[in-house]
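Please read this note with the structure open beside it.

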Amino acid sequence: MADRKTVKAALTAQRIETPSWAYGNSGTRFKTFLQEGIPRDPFEKLDDAAQVHAFTGIAPSVALHIPWDRVDDYAALGAHAESLGLALGAINPNTFQEDEYKLGSICNPDPAVRRKAQAHLLECVDIMDVTGSDALSLWFADGLNYPGQDSIAERQERLSEALRAAYDRLGEDQRMLLEYKFFEPAFYATDVPDWGTSYAHCLDLGERAQVLVDTGHHAPGTNIEFIVAFLLGRGRLGGFHFNSRFYADDDLIAGAADPFQLFRIMHEIVRAGALEESANVAFMLDQCHNLEPKIPALIRSVLNVQEATAKALLVDGDALAGAQREGDVLGANAVLMDAYNTDVRPLLAEVREDMGVDPDPIAAYHRSGYAEKIIAGRKDGTPAGWGA
């Protein structure tokens with residue numbers, strides 16, 4: 001187990017990126033639920049993101065979704081972020097909300113549709129050049145609903161072609177993160193359905209193509225920490241989209257459904273030394289808060305990942321390795337459980353005080369009056385929402 005000073009240093013250095021889309025209105029397939037005080041443009045999304053960083057101390061970057069966050073001047077958006085103590089993070093193309101993409105985007109059987117989707121990917125790399133982002137984060141809703149609807153093999157070839165074009169456009173300091181999802185919205189065959197498919201395409205592309213693990217994008221019972229350990233061992237874990245799901249979708253607060261799973265994932269990260277900046281693993285949230293207030297929900301998400309990380313840092317690595325070598329099944333498990341069952345809240349409160357952050361971020365946010373301020377000040381204009 002690392003000493004207290006080392007644990008505190010690791011927690012202080014941790015960084016978790018929040019998603020711009022989590023600050024806008026969102027909902028189910030049946031209705032978008034409107035809230036008061038929602039940002040009206042990407043600049044106001046950054047204002048809200050700055051609150052999450054201010055009250056946690058470890059969320060200094062914001063991922064953008066294009067075209068939802070399209071602006072005329074990305075340099076100005078970057079300057080606004082910098083003025084708030086933030087940076088612009090991963091760029092996420094959207095190839096799933098236009099009518100032409102009904103049968104897919106880069107895997108579509110129509111070459112004209114594929115060219116449109118490909119052009120959008122390249123546009124997003126152009127945006128990366130301006131914002132200084134180092135990550136093109138890709139998720140495709142492409143897939144099939146019925147057997148025979150299209151050629152599975154040909155769609156994989158189209159996918160490879162599009163990924164290659166985007167990969168070759170990246171700069172030397174930029175990388176591609178390829179996400180996967182085993183179903184939805186396609187219910188028969190999804191074009192990037194699992195980590196193996198993503199991994200295979202990344203191997204074909206080169207070292208700067210890596211797998212993005214969304215913790216909600218798995219079938220029930222999937223051992224996500226196994227996937228994490230495998231990808232870490234081969235240098236292909238690019239990052240995470242942290243969230244939770246109970247049944248199938250993935251928009252709940254990180255750690256809400258299974259905090260023990262989140263701890264197990266972070267244990268593999270700590271074991272591999274992947275908390276270090278040099279490991280280049282991106283820790284990002286990907287959530288839409290449909291019922292709960294946006295900013296407190298994101299603060300809670302950051303705190304949950306931070307708590308899981310703290311517990312993972314407390315695992316006695318020497319004792320665990322010893323028990324494993326000796327085949328002590330219960331002893332090894334007990335080492336993990338001892339760390340998981342530790343109340344790390346006093347430690348995290350101490351870390352926050354050392355950082356100049358309130359030890360109770362949620363309570364501090366509610367005391368700040370920011371929620372009342374934005375409700376009063378954003379009554380005019382159109383609130384941002386899912387798809388806008």
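Which kind of contact do the side chains of Glu184 and Lys181 meet in?

1. The model is predicted, and the contacts below should be read as features of that model. The side chains of Glu184 and Lys181 meet in a salt bridge, with 2.5 Å from N to O.

2. Glu184 has a relative accessible area of 16% and is buried. Lys181 is buried too, with a relative accessible area of 6%. Both labels follow because buried means under 20% relative accessible area.

3. A second pair lies in helix H5, which covers residues 152-169. Here Arg164 and Asp168 form a salt bridge through their side chains, at 3.1 Å from N to O. The two residues are 4 apart in the helix, so about one helical turn separates Arg164 from Asp168. Arg164 is partly exposed at 30% relative accessibility, while Asp168 reaches 52% and counts as exposed.

4. Arg345 is exposed, having a relative accessible area of 56%. For Asp343 the value is 42%, and this residue is partly exposed.

5. Some salt bridges share partners, and in this way Asp150, Glu154, Arg155, Arg158 and Asp191 are joined into one network. The count for the model comes to 23 salt bridges; the pairs described above, including Arg164 with Asp168, are examples.

6. How many disulfides does the count come to? The count is 0. A disulfide would require a pair of cysteine sulfur atoms within 2.5 Å. For Cys202, the closest cysteine sulfur belongs to Cys107 and is 14 Å away, so the sulfur of Cys202 is too far for a bond. Cys202 is also buried, at 0% relative accessibility.

7. Cys288 gives a further case. Its closest cysteine sulfur is in Cys124, at 17 Å, which is too far for a bond. Cys288 counts as buried, with 7% relative accessibility.

Definitions and conventions: Residues are numbered from 1 along each chain as its sequence is written. This is a predicted model: local features need pLDDT of at least 70, side-chain atom pairs count only at pLDDT 80 or more; totals for chains, interfaces and linings use all residues. Side-chain values use heavy atoms; hydrogens and water are left out. A salt bridge is a side-chain nitrogen of Lys or Arg within 4 Å of a carboxyl oxygen of Asp or Glu. Buried means under 20% relative accessible area, exposed over 50%, partly exposed in between (1.4 Å probe, protein chains only).
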